[in-house]
Amino acid sequence: MNANSIPNASLSPDFTIPLIADIAYDPNARLLGQARTLDAFTLLTKTQGQHMYLADQRSIDRQPLIAALVASQPAPAKLFLNQIVDAEKQQLLWQGESSDACISETNATYQYLSGNIKRRDLIGHLSSDGKETYHGGALANAHYLFICAESLWKREPLWELILGIANTGQYTVHPKLPPIPLNCKIVLVGSSALYSVSYVEERSFSSAFPLLGELVDEITLPEHTEHDYLEWLVALAKESHITLVQSALAPIFAFSSRLADHQKHLSLMTDPMVQLLQQACAYNDTDIIDDSAIQYALTQQTHRHNASQKLSAQSFDDNFINLPTQGTMIGQINGLTVLDAAEYCYGEPARITASVHYGDGEVADIERKSELGGNIHAKGLMILSSCLYRIFGKDAPLHLNANIVFEQSYQEIDGDSASLAEYCALMSAIAEQPIDQGIAATGAIDQFGQVQAIGGVNEKIEGFFDLCQRRGLTGSQGVILPKSNVQQLNLKREVLNAISEKQFHLYQVEHIDEAVTILMKHPAGIADEDGQFPDETLYGLVQARLEGLAGYPDDDRSIFAKWLDKLKLSS
């Protein structure tokens, strides 16, 4: 067994799932993991003149969470807007009891406004039937007013109106009516990006909305427990009139962990979770769902979104895209990429090649030169060059030029996750040692050769596995990945079975030397005190080739070594 092989127990998350029969419905479970937001909302209820911004995520259902936030606080007492005449001066005051001159009252604990909001929706209006009766808006009707921040932002006058009301603590409906004191707590609900822009660019924003409640979209184990999360799931299911049985929980937990992209994290994204449960019910033609219903719904969900993936797979199967998964090649390796659409992403292997020749030491990025490479990809190539010079060019310039390219790539490539594969291809090209084409590699590297984490690790592994499986697994194929990504592994059942049967392999690496050893079946080698690598090692072969390109014959090398020995003796 290879020392870098990943144990089977580390290939997917392992949860201790409690019995669903022991879980009672609790609407407060909706607030799981939202301690920061709950603290901000509690402060909102206890402070004067301070309002709140609720920063949410696109995939979190706002209204049920807003309802849970409001329910977490004591119900406020009903108030009446009474007209007071004092020394011939009229004013309006909110009081606990209604007077004969009451013109409005709070009718709701909270209200949520979004979409096409109008001025009168917020502040109300006077009737035009000659009686001049005040009809209160949301600011007068509710104790808490939640407003979609994006809806206000699109209409600048309303945005300015709300900022002004929040800062002054009052608003004017009509010249015939005294200013109405603000009794309502305003909560703007929007993205974190909009909050940041408003905080920086709107002078009055930070004074009006000092309280920030930022929703989280995942929880971490063991900070929270599986029992806590199951309460959250039961709350979602109950509100959708769905009954979960025990067998459904394992695939749901796995799906949630995959959404969170971590073995010890669970997703709080309500939209995809509720949609999955509802789809499972529809396919199962019942409101009681088990594991088979969940698995089928997930399979069909993938089937509905993977049209481009199927077309891509056909190109590989028809050999329109040349990418061998068996045998060996010099200067060629299979890297791994992720194609990310708005609603679906999948992994796809990419053939990376490197060629070297005599030159002035430049490692050229053909993607960048053809304007198909992004800035991060260019940065990865520069780091690769630095790493190369750190190992082999400490004392003298390198007399080679290298060209690295993603073959048959016709769209922009960005990211540094291919830098490990590119480095290995370069080492192969210089040393003229073949790379096993059945092993793909992904990982970013730093200048010291450490292999760093990358994104989309599950999709990348599954993309290469699917290609190998369609062609027939050989038992020697696999993927090299950063060790730091192992905690994100959450692979589909087919991959787990193939690994368990030793038909497919995963290797974890922390340094580039481990990767080149696996790919080229040669130890990387350790330099001696003179910076020389043993001849039989991979780096020894690289060093010999570089010295050959520089015009140093083998004898010169030995003479130089002898000269160094004499210097040591004389000292």
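What percentage of the 571 residues of the protein count as buried? The answer is 49%, where buried means under 20% relative accessible area, exposed means over 50%, and partly exposed is in between (1.4 Å probe, protein chains only). Before we walk further, a word on the model: it is predicted, so local features need pLDDT of at least 70 and side-chain atom pairs count only at pLDDT 80 or more, while totals for chains, interfaces and linings use all residues. Residues are numbered from 1 along each chain as its sequence is written, and side-chain values use heavy atoms, with hydrogens and water left out.

Let us start with the whole protein. It holds 21 helices and 27 strands; these are DSSP runs numbered from the N terminus, with helices (H or I) of at least four residues and strands (E) of at least two. The radius of gyration is 32 Å, well over the 25 Å that the globule rule gives for 571 residues, so the protein is more spread out than a compact globule. That radius is taken over C-alpha atoms, and the rule is 2.2 Å times the number of residues to the power 0.38. Along the principal axes, the C-alpha atoms fill a box of roughly 110 × 55 × 50 Å.

How is the chain connected to itself? Among contacts between residues at least 6 apart in sequence, 75% join residues at least 24 apart; a contact means heavy atoms within 4.5 Å.

Now for the annotated positions. An unreviewed UniProt entry lists Ser417 and Lys460 under "active site"; such positions are given in the numbering used here, feature names are shortened, and annotations may be inferred rather than shown by experiment. The two span 44 residues in sequence, yet no two of their C-alpha atoms are more than 10.8 Å apart, so they gather at one spot.

Ser417 sits in the loop between β21 (400-406) and α16 (419-431), whereas Lys460 belongs to helix α17 (residues 457-471). Ser417 has 16% relative accessibility and therefore counts as buried; Lys460, at 4%, counts as buried too. Setting aside residues up to four places away in sequence, Ser417 touches Leu336, Thr442, Gly443, Ala444, Ile454 and Lys460. With that same exclusion, Lys460 touches Leu336, Thr337, Val338, Gly347, Ser417, Thr442, Ile454 and Gly455.

Several loops are also worth a visit. Leu372 lies between α14 (366-369) and α15 (375-392) and is partly exposed, with a relative accessible area of 24%. Beyond its neighbours within four places in sequence, Leu372 is in contact with Glu367, Ser409, Tyr410, Gln411, Glu412 and Ile413. Its C-alpha atom is 10.0 Å from that of Phe406, which is 34 residues away along the chain.

Ala527 is in the loop between α19 (512-520) and α20 (538-549) and counts as partly exposed at 33% relative accessibility. Apart from residues up to four places away in sequence, Ala527 touches Gln532 and Phe533. Ser127, in the loop between β6 (125-126) and β7 (134-135), is buried at 13% relative accessibility. Its contacts, leaving aside neighbours within four places in sequence, are Glu132, Thr133 and His135.

Finally, look at some backbone details. The peptide bond from Leu221 to Pro222 is cis, with omega near 5°, and Pro222 is found in the loop between β13 (218-220) and α9 (226-239). Asp285 is not a glycine, yet has a positive phi of about 55°; it lies in the loop between α11 (270-284) and β16 (288-289) and is exposed at 73% relative accessibility. Asn319, likewise not a glycine, has a positive phi of about 60°. The loop holding Asn319 runs between α13 (307-317) and β17 (328-330), and at 56% relative accessibility Asn319 counts as exposed.
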